[in-house]
Amino acid sequence: MDVVPPALARLIADLSRLPGVGRKTATRLALYILRRPAAEAQNLARDLAELHGAIRLCANCYAFSETDPCRICQDPRRDPRLICVVEEPGDLMAVEKTGSFGGQYHILHGVLSPMDGIGPGEIRVDELLARIRRQQSAEVLIATSSTVPGEATAAYLAKRLQEVEVRVTRLACGIPMGMDIKYADEMTLSRAIEARRESW
Ligand SMILES: [Zn+2]
């Protein structure tokens, strides 16, 4: 006999689809939500329901934003001649937190991964080249992770960036091999930005 009421079972199934959340954790979270006041669950439900409607991609840098262009692309204090290329929105947040970067971003939303069907067309490289020409950017800082796919993506980008006249730099050493930049501590990441090196 199944003792889990259907409404609770549905929530557990939904939560267990989140990355890193197994069935055990999903059950613990669902029971926690159920024990808390109903208003908290309603707030959570409202935030989830409004998420997709409220957030879009900035057409310039592809960051998640409530406005298009995003706040960073609109900010006159941010230097459009310097573009930092990152894999994911979470990486942008990590670089922003260091306060060491005064340029704009370009978010790839992935790395090259032929096995998963992610090719150059999926990571908006043509858009990056067009933007460099349009904004007359002078430097592109490639801040993909030091994982194998991150490095392969960086090498591909560096090659394509030869099509435009731009200085290409890479985060300096200090980010351990295999590390996702959003998990680097702020000091390490900040130093890696300041000591960025000419690549290729
Ligand atoms: Zn933007």
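## Domains and overall layout

Domain bounds are those given by an automatic or database domain assignment. By that assignment, the chain splits into domain 1 (6-54) and domain 2 (76-198). The C-alpha centres of domain 1 and domain 2 are 34 Å apart. Taken along the principal axes, the C-alpha atoms of the chain fill a box of roughly 65 × 35 × 35 Å.

Before going further, please keep in mind that this is a predicted model, in which local features need pLDDT of at least 70, side-chain atom pairs count only at pLDDT 80 or more, and totals for chains, interfaces and linings use all residues. Residue numbers start from 1 along each chain as its sequence is written.

The chain has eight helices and seven strands. Both are DSSP runs numbered from the N terminus, with helices (H or I) of at least four residues and strands (E) of at least two. Of the 200 residues in the chain, 28% are buried. Here a residue is buried if 20 or more other C-beta atoms lie within 10 Å of its own, exposed if 12 or fewer, and partly exposed in between, with C-beta atoms placed from the backbone. Two residues are in contact if their C-beta atoms, placed from the backbone, lie within 7 Å. Among contacts in the chain with a separation of 6 or more, 57% join residues 24 or more positions apart.

## The nonpolar core

A nonpolar core is a set of buried Ala, Val, Leu, Ile, Met, Phe, Trp, Tyr and Cys residues joined through C-beta atoms within 7 Å. The largest one in this model has 36 residues, and those with the most contacts inside it are Cys 84, Val 85, Val 86, Val 95 and Ala 143. At least two residues of this core come from each of strand 3 (79-86), helix 5 (89-98), strand 4 (103-107), helix 6 (125-135), strand 5 (139-142), helix 7 (148-160) and helix 8 (186-194). Strand 3 gives the most, with four residues.

Not counting residues up to four places away in sequence, Val 86 touches Asp 91, Leu 92, Val 95, Tyr 105, Ile 107, Leu 108 and Ala 143.

## Helix 5 against helix 8

The axes of helix 5 and helix 8 come within 9 Å and cross at roughly 85°, which means that helix 5 is roughly perpendicular to helix 8. On the helix 5 side the contact is made by Ala 94, Val 95, Lys 97 and Thr 98, and on the helix 8 side by Glu 186, Leu 189, Ser 190 and Ile 193. Sorted by class, this contact has four nonpolar, two polar and two charged residues.

A word on the terms: axes are lines fitted to C-alpha atoms, for helices over the stretch in contact, and angles run from 0 to 180 degrees between N-to-C directions. Angles under 35 degrees count as roughly parallel, over 145 as roughly antiparallel, 65 to 115 as roughly perpendicular and the rest as oblique. Ala, Val, Leu, Ile, Met, Phe, Trp, Tyr, Cys and Pro count as nonpolar, Asp, Glu, Lys and Arg as charged, and the others, Gly among them, as polar.

## Backbone points to check

The peptide bond from Asp 68 to Pro 69 is cis, with omega near 0°. Pro 69 sits in the loop between strand 2 (64-65) and helix 4 (71-74).

Tyr 62, in the loop between strand 1 (56-57) and strand 2, has a phi near 70°, a positive value in a residue other than glycine. Tyr 62 counts as buried because 20 other C-beta atoms lie within 10 Å. Arg 124 is not a glycine either, and its phi is positive at about 55°. The loop between strand 4 and helix 6 holds Arg 124, which is buried, with 20 other C-beta atoms within 10 Å.

## Charged residues, buried and exposed

Glu 87 lies in the loop between strand 3 and helix 5 and is buried, with 24 other C-beta atoms within 10 Å. Leaving aside neighbours within four places in sequence, Glu 87 is in contact with Leu 108, Gly 110, Val 111, Thr 144, Ser 145 and Gly 150.

Glu 163, in the loop between helix 7 and strand 6 (167-170), is exposed, with 12 other C-beta atoms within 10 Å. Arg 134 is found in helix 6 and counts as exposed because it has 10 C-beta neighbours inside 10 Å.
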